[in-house]
Each structure stands twice: as structure tokens, then as C-alpha cells.
Protein chains: 2
Amino acid sequence: MAFYVQKYGGTSVGSAERIKNVARRVARFHADNHQIVVVVSAMSGETNRLIALAKEIQNNPDPRELDVMVSTGEQVSIALLAMALKALNVKAKSYTGPQVKILTDSAHTKARILNIDADKILADLNDGYVVIVAGFQGMDQYGSITTLGRGGSDTTGVALAAALHADECQIYTDVDGIYTTDPRVVPEARRLNSITFEEMLEMASLGSKVLQIRSVEFAGKYKVKLRVLSSFEDEGPGTLITFEENENMEQAVISGIAFNKDEAKITVLGVPDHPGIAYQILGPVADAGIDVDMIIQNVGHDDLTDFSFTVHRNDFDNTIRIIKEKIQPHIGARDVIGGDKIAKVSIVGVGMRSHAGIASKMFRILAEEGINIQMITTSEIKVSVVVDEKYMELAVRVLHKAFDLEQAL
Amino acid sequence: MAFYVQKYGGTSVGSAERIKNVARRVARFHADNHQIVVVVSAMSGETNRLIALAKEIQNNPDPRELDVMVSTGEQVSIALLAMALKALNVKAKSYTGPQVKILTDSAHTKARILNIDADKILADLNDGYVVIVAGFQGMDQYGSITTLGRGGSDTTGVALAAALHADECQIYTDVDGIYTTDPRVVPEARRLNSITFEEMLEMASLGSKVLQIRSVEFAGKYKVKLRVLSSFEDEGPGTLITFEENENMEQAVISGIAFNKDEAKITVLGVPDHPGIAYQILGPVADAGIDVDMIIQNVGHDDLTDFSFTVHRNDFDNTIRIIKEKIQPHIGARDVIGGDKIAKVSIVGVGMRSHAGIASKMFRILAEEGINIQMITTSEIKVSVVVDEKYMELAVRVLHKAFDLEQAL
């Protein structure tokens, strides 16, 4: 007998038929005497429908009221799933976030969970109920409804697993696990049996859309075992996200390749090479609420250097304007150039720590294909390069092959 | 400065545009320094949409879970109205039923309000907020979401007005008040400036759909002044429902004519005329959950009598079957006859108490038109007759004219 928190996303509960499928799966676990807490998202499309309705009233909907409204999406899902379980003669009870006192701060539309009252849920589990909790939502200390932001249902699942000391938090989604890379780009991409939290964080933040990054951070912080599985296929093992490197650890040097076309690069040319210059450039950008991803400053010469960074493509024009108007005149930079036709490709793996030459192998592989590298950053367990966006798929494919990712271990 | 609880029904908040209209009206009251608590229903059609979705999962949806689901309809409305008020720079805050601790019993889908915690609302009013509360919903002592049943938003409005000691509970609807009868049948029907609770109860239960009968009972019990107004037209006075007969009382003998075609009649012929016979006939009918409306037993002769009653048309076949199978053989009745092509027409008015001959005038008017009366019942303030349904509109029109209801007083 084990204790699982299972989270089903919007696609998994996207219709009455799919909700019945989820109920059948949960009922099987319940019949095997496992204790089950289920976290569900809103039916796919519902959150967007509600936001569109809000925008008919107010262009920039009031965040407190938007949370009141959007949280109804998950509330409908929990009731439907409870009904579906009862139709299968499984004892089930649904709860909204506020009902099980998922206490958050008051940052409406992007609140953070502070505490969960486990008593009610544990009492129901002991009485043999499947407990269904609305994902994505909670309440603040004043009793106002809050939401955790997009993808927050994963975070609810992990937070519940931590608070209830569940054996595992199972994230059911429309893929059957974490892959070495996107199978739409590399058909030979292979499902990983396990991946470390650190690797998963790098994969998630680099563009792999399977898990929401905050939920992975949360799971790492509270040592919650996470497993990603398919809600459409029959019980495969999925991918386990572990916090111990040697637990079921595969011996590959790198685990996966992440990539995205979401970014744009900006280079400030001929910047005076003195202390504080990075802050002078990026301070006004951060003040405008623009997130910066890669930051590169090379060794200068003649007291001048070039300073490059990447931002989200949507922020490109705004960032160029800020630099040209607010920064260039002050610091006397020669020019500001940039472009948004770039892609970032990253190889990720904890094995890099103990294997030298991984980065140089990556650069060699790309060079052999004639792919020019525009920017490079590295961390302990990843190497990211920026290339022309037209080479993205090619780069991913040749790297996937060169690092033997298609071989089952 | 006055303190109003205003309730807006589903049609009044049926679209973004209509919600903005409601917000403009509320904003005007707020600008005039009135304190306003607004109760809203779900957008028209939304409750039915949710129930249909539930039925895709479970034919007979679990009542607890149905409440979790259906209550989201009002939750969306309160958020939208709060947004619309904020867009007009009016301070506003929305609350679900559970958030303002509208405590009910646990009779899911038809719960009754037990208590309301006024503190939170009064504190917000004192801070200058318009407070918006979801109608139709509350929570039971276990924290489960409950709903009050169809039309329950009126009850929420009245209960809040009672708990908060508001000056008036204003029910905004798609008509501009209570009429002497349905204007679609009698174009000369006239809006009443006031009507007593007793009259309103008779009118509501007899088929006038403007106010939900439980809310009227509630208002009478807690001495809450109720006013029915139009949410589409500009500020008319509407109809005040008073608990004091002499307060603004019009001097008409009868106030209105109610009518419906919802019923069917059943007559048990040749019943032994002895004590307990009514119970022997109606006991099994009540046990089957069938509501009986009119009940008529005339003086018998030869130790036999005829026993008649009416039920809802939907229950007609079932009732006939119960009587024939379970009752007729036991009591040895000669025959069971009935029909559903009937209509009930009622004249209502507190003035009847002090005016003799009202009933006989009604019968004379109908006789002059050749309308045969099949059944009669009376109470202190109403006389109801059952006639062939094809004469219903004619009966209503001639009575309306004969009792001078089209004359403004």
C-alpha cells in the first residue's frame, strides 16, 4: 500500500469522457488499496474562456477578482471527477483550495503557497475516501481566493505531497515521460527512466514544457519524489525525477537536449570596461520588468568591451529602445545591435561534472555541420549555445546522435 | 443616506454589456452615498450549462458535488460585477457565500440558511466598499459548499437584508414590478405600487414567477421590506411588498389575478364517506413524493362521496396509477377519473376580508361568459377556481375588467 498524490492536467480532464478515464485509473489505484489524493486542473480551454470573459469587462482585469473568477475552472473539474468516481462506487470528496486551507501570500494571479492544513485530507483518507483537490488555487490570510499562476496545479500537487508526506507525486500529462529531447524534432528521442532535479530544472527552464519549473523547485526543496506519466496510455513507468543522483541513475554523461526560439539577443558594442557596467546596462532593463536570460561579457581590450544578453522575443523592441534612450548616451557605448532570429540549444546532464571535454565536443559537432555559434554560456550541468534559428533542428539532431542519446542504457 | 441590498437575476447579468449596466446603476446609488450590498445570480443559461455537464458524468449527479459545481456560476458573476465597478472607479469587493459565512443546513441543492456573519460585510461597507455577494449559495457546518435551490438568490438577498438590517431589499428583474395579472394575457394589466406579503405569497404560489416564494416567506418572517424593480428601465418605483396593510395601501378589494396550467385534476368517485378517507387516499400519494395542491371533498349522500384533488401535470399519470392500484381496491371506490386540460384562476386580495360577495361576483362573471367552474377552493384572501384550460385567458380578462383592476387608484 502506497500513498500517491496524482495530478491531472487540463487536457487529461478536457471532456466528460476523459474525466471518466481518469476516474477509472484512480479507481484501479484505490482498489489496490493505495491512498490517493488527486489534484486537477481546469478543463482545457476553460481558463482562457474565463479570462476572455473578464477582458470584456475590464481590459486589465482586477487581479483579486480575476482569481475569484478563474478559480471556478478547477472547481468544476473537482466536482466532475468526484461524480465520476462515485458513479464507479468509489468514495470520493472534492475540495477547493480554500476548503483545505491552502494558505498563500496575497500576490493575486501568482501567489505562493505558505502552508497547507493536512488534517481534513488525512482524516478523509483514513475513512477510505479518494480526496480530490482543486489545483492552482488557495486563499490568503484574509480569506480571499488566490491563484498560483499558469501551471500552478503542478505546484499544488507537489505542495500537497510534501505536506501529507506522500510516497510520490505523480504528474499525469499528455506525454509518457521526459524525453532526451522533443520527439517531434528527433524521432529517435528516448524516454528517460529517471532524471535528477537539477537536470529537470535546466530542462524545464530551457524550454521543455512538461513540468512547470516552480513545481520542480518546490519538489527539490521538500524532497518530494516526482514522476511524470501519461494519462492516455496504460500504466508505463514514466520518468522519475529523483533528488539522489545514484538512485536508479543512468550512466549517460548528458541526459537531454533542450531548445527554444523564445529569445532575442542584444549586444552593446564598445562599452567602457569598468566596474559596475553590467549593472548600469541591466538595471534599467530589470526596472522595466524585463527578464534577462543569458548574460555574456568578454574580456575587454583598449578599455572597451562588448556586452551581450538575451531577453524574451516579446521584449526585444522595448529593450532596444530602453538601451538606446536611457543607457547608450550615459555610458557612451559605440552601438547597440541585436536580432530575434536566434535559437538556444542546450545539452544538460549531471554527468558533465565528472567528464571533461563535453563542451568542446558539442562545439566540434556543431562546427562539423557548419553551424556558427553566436553566444555560449555554461553551468555545472549544462552548456547552452545561441545559433541562427534556421539551424536549431539540425543542431538538436546532430547533438542527440553524437551524445548517443538514442541508445537505451 | 440609505442602506440597500440589491439583487440582480441571471437575465440582468446575462452578458458583459448587461453587467456594465448593473455596475452603472450601482455606481449611481453609491455616488448618492447609499450603502450597497449587491447579490447576483449566475449569468442566464450558465446554471443549466453546468447541470448538463454534470449529467454527462452522472445521470443523477451527486448533490454535494453538484453544489460545488453549480456554485461556480454565481462566483463568475460576482467577480465580473466587481471588475465592472472598479472600471468605474468604485471600490468594490466580491465574496462567495462561504466567504461571508452564509451558514446553511446540509441539504445539498436545496439548503436553508441558518445564519450569516455580518461583520466582514459591515466592515467593508464602513470602508466605503460596494460589497458583492454570490447568491444561491452558502456552506454547511462542515465547510461543504451548499446551494439554496432554484431562485435561491432572492433568498440570499432577503437573508442578507435581514442580517445586516438594511432599509430595503431591492429585487431587480426583467419586469418593472408586480402586475395585477400577466400583461401578455391582459394588456390593461397595471403595475401595483404596493402589495402585502400575504397577497404576494398567494400570487407567487399561484403562478406569478417574479419572486421566489421562499424569499417572500423569509422577508415576511424577518420583516424585510422587499421591492421589485426593473433592471432594464430607468428608475421606476417598482412594487413595494409591505408587511403592514395600511402602509401606502391601495384600497382595491382584490389586488391581482393569478393563473396557471400546471395542474391536473383527479376525482375518486363513490368513496365511502367515513373518517380517515382523505388520509387513505392522499397518504400513498404523498409517500410517492407527489405534491397535492387543491383538495375538495363535498358533503356525501347514501354514505358515499366524491373526492377530488389536483397535482402537477407531470405527476398525473403516476398519481392515477397509484390510486387505481393501491387505493381503489382497498376503499372500494366506484371509479377514478381525471384530466390535465384544466387551468386554475385565482383572485387575490386582502380586501376580501372585509368585503362580502367577492366570490359570488367572481362566479357570476364567469357564468355570464359561459365558463363552467369545475372546482373551487377559497382562503381568507383568495378564491381559486378550476376551469377548462381553453377558457383560461378569457376568464382572466373578464375578471380583470370586472374587478376594475385596470383603473389606477
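Two residues count as in contact if their C-beta atoms, placed from the backbone, lie within 7 Å. The legends below refer to a predicted model.

**Figure 1. The interface between chain A and chain B.** The contact involves 28 residues of chain B and 28 residues of chain A. On the chain B side, the elements that give two or more residues are helix 1 (16–31), helix 2 (46–57), helix 3 (63–70) and helix 4 (72–87) of chain B. Helix 4 of chain B supplies the largest share, 11 residues. Sorted by class, the side of chain B that touches chain A holds 17 nonpolar, 6 polar and 5 charged residues. Of the interface residues of chain B, 100% are also interface residues in chain A, so the copies meet through the same surface.

**Figure 2. The axis that relates the two chains.** Two copies of a chain are related by a rotation about an axis and a shift along it.

**Figure 3. Chain A as a whole.** Chain A contains 12 helices and 20 strands. Its radius of gyration is 23 Å, close to the 22 Å that the globule rule gives for 409 residues, so chain A is as compact as a globular protein of that length. Along the principal axes, the C-alpha atoms of chain A fill a box of roughly 75 × 55 × 30 Å. Of the 409 residues in chain A, 47% are buried. Among contacts in chain A with a separation of 6 or more, 74% are between residues 24 or more positions apart.

**Figure 4. The open sheet of 8 strands in chain B.** The strand order is 3-6-2-1-9-11-12-10, and the pairing is mixed. Strand 3 (92–95) and strand 10 (194–196) of chain B are the edge strands, each pairing on one side only. From one strand to the next, the twist averages 20°. Strand 1 (residues 3–8) and strand 2 (residues 35–40) of chain B run parallel and are joined by 6 bridges. Tyr4(B) stands opposite Ile36(B) in strand 2 of chain B. Helix 1 of chain B packs on this sheet and touches strand 1, strand 2 and strand 6 (130–134) of chain B. The direction of helix 1 makes about 160° with that of strand 2 of chain B.

Figure 5. Strand 3 and strand 6 of chain B run parallel, with 4 bridges between them. The residue opposite Ala92(B) in strand 6 of chain B is Val130(B).

**Figure 6. The open sheet of 4 strands in chain A.** The order is 15-16-14-17, with antiparallel pairing. The twist averages 15° from one strand to the next. Strand 14 (residues 263–272) pairs with strand 17 of chain A in the antiparallel sense over 5 bridges. The bridge partner of Lys265(A) in strand 17 of chain A is Gly339(A). Helix 9 (residues 277–287) of chain A packs on the sheet, where it touches strand 14, strand 15 and strand 16 (304–312) of chain A. The direction of helix 9 makes about 25° with that of strand 16 of chain A. Helix 10 (residues 316–331) of chain A also packs on the sheet, touching strand 14, strand 16 and strand 17 of chain A, and its direction makes about 10° with that of strand 14 of chain A.

**Figure 7. Two loop residues with positive phi.** Most residues other than glycine have a negative phi. Lys223(A), although not a glycine, has a positive phi of about 55°. Lys223(A) lies in the loop between helix 8 (213–221) and strand 11 (226–230) of chain A. With 10 other C-beta atoms within 10 Å, Lys223(A) is exposed. Thr109(B) is not a glycine either, and has a positive phi of about 70°. The loop that holds Thr109(B) is between strand 4 (102–104) and strand 5 (113–116) of chain B. Thr109(B) is partly exposed, with 16 other C-beta atoms within 10 Å.

How values were computed:
Residues are numbered from 1 along each chain as its sequence is written. Chains are lettered from A and ligands numbered from 1 in the order in which they are written. This is a predicted model: local features need pLDDT of at least 70, side-chain atom pairs count only at pLDDT 80 or more; totals for chains, interfaces and linings use all residues. Ala, Val, Leu, Ile, Met, Phe, Trp, Tyr, Cys and Pro count as nonpolar, Asp, Glu, Lys and Arg as charged, and the others, Gly among them, as polar. The radius of gyration is taken over C-alpha atoms; the globule rule is 2.2 Å times the number of residues to the power 0.38. A residue is buried if 20 or more other C-beta atoms lie within 10 Å of its own, exposed if 12 or fewer, and partly exposed in between; C-beta atoms are placed from the backbone. Two strands pair if DSSP finds at least two bridges between them. Axes are lines fitted to C-alpha atoms, for helices over the stretch in contact, and angles run from 0 to 180 degrees between N-to-C directions.
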